[in-house]
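Student: Could you walk me through this one? I have not looked at it before.

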Amino acid sequence: VQLQASGGGLVQAGGSLRLACVASGQLVQWYALGWFRQAPGKEREFVAALNWRGDETRVEDSVKDRFTISRDSDKHTVFLQMNSLRPEDAAVYYCAAAGGIPRVSTTPDFWGQGTLVTVSS
């Protein structure tokens with residue numbers, strides 16, 4: 001499984017960004033997909049995940065009212081819509097894949113390269 005993330009950039013506090021991650025490889029449409037982030041000097045942390053059907057999600061509490069995870073109809077792309085961004089949301093965001101939500105939200109089997117999100121105050 002290969003994961004290609006995009007959509008990062010510089011945004012002012014209060015603004016929005018939409019990240020995308022294209023998954024390719026065998027049986028990828030059956031994988032749960034998710035997002036993690038890592039800020040400078042901090043550990044990588046879970047952000048959001050959804051199952052292969054896209055009808056079950058898990059979202060970290062600090063972003064659940066501002067971030068939305070979704071998946072396109074062919075199941076190969078996962079999106080992270082980020083609204084009301086705060087300086088503390090600045091990080092490198094990584095997409096991930098695994099066989100189910102419990103695993104993708106803790107110890108994913110596959111990682112994509114990161115995309116940098118910078119939030120100016």
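Tutor: We can go through a few of its features in turn, keeping in mind that this is a predicted model.

Student: Okay, how many disulfides does it come to?

Tutor: The count comes to 1 disulfide, and this one joins Cys21 to Cys95, with an S to S distance of 2.2 Å. The link of Cys21 and Cys95 is right-handed, with 55° about the S-S bond.

Student: And which strands do Cys21 and Cys95 lie in?

Tutor: Cys21 lies in strand β3 and Cys95 in strand β9, which covers residues 91-98, so the pair ties together parts that are 74 residues apart in sequence.

Student: Are those two buried or exposed?

Tutor: Cys21 and Cys95 are both buried.

Student: Switching topic, what about Arg37, is that buried or exposed?

Tutor: Arg37, which has its place in strand β4, counts as buried because its relative accessibility is 6%, and buried means under 20%.

Student: Which side chains does the Arg37 side chain make polar contacts with?

Tutor: The side chain of Arg37 makes a polar contact of 2.6 Å with the side chain of Glu45, and another polar contact, of 3.0 Å, joins the side chains of Arg37 and Asp89. Leaving aside neighbours within four places in sequence, Arg37 is in contact with a list of residues including Val47, Phe67 and Tyr93.

Terms used
Residues are numbered from 1 along each chain as its sequence is written. This is a predicted model: local features need pLDDT of at least 70, side-chain atom pairs count only at pLDDT 80 or more; totals for chains, interfaces and linings use all residues. Side-chain values use heavy atoms; hydrogens and water are left out. A disulfide is a pair of cysteine sulfur atoms within 2.5 Å. Helices (H or I, at least four residues) and strands (E, at least two) are DSSP runs, numbered from the N terminus. Buried means under 20% relative accessible area, exposed over 50%, partly exposed in between (1.4 Å probe, protein chains only). A polar contact is a pair of N or O atoms within 3.5 Å; within protein, one must be able to donate a hydrogen and the other to accept it, and residues adjacent in sequence count only if both atoms are side-chain atoms. Contact means heavy atoms within 4.5 Å.
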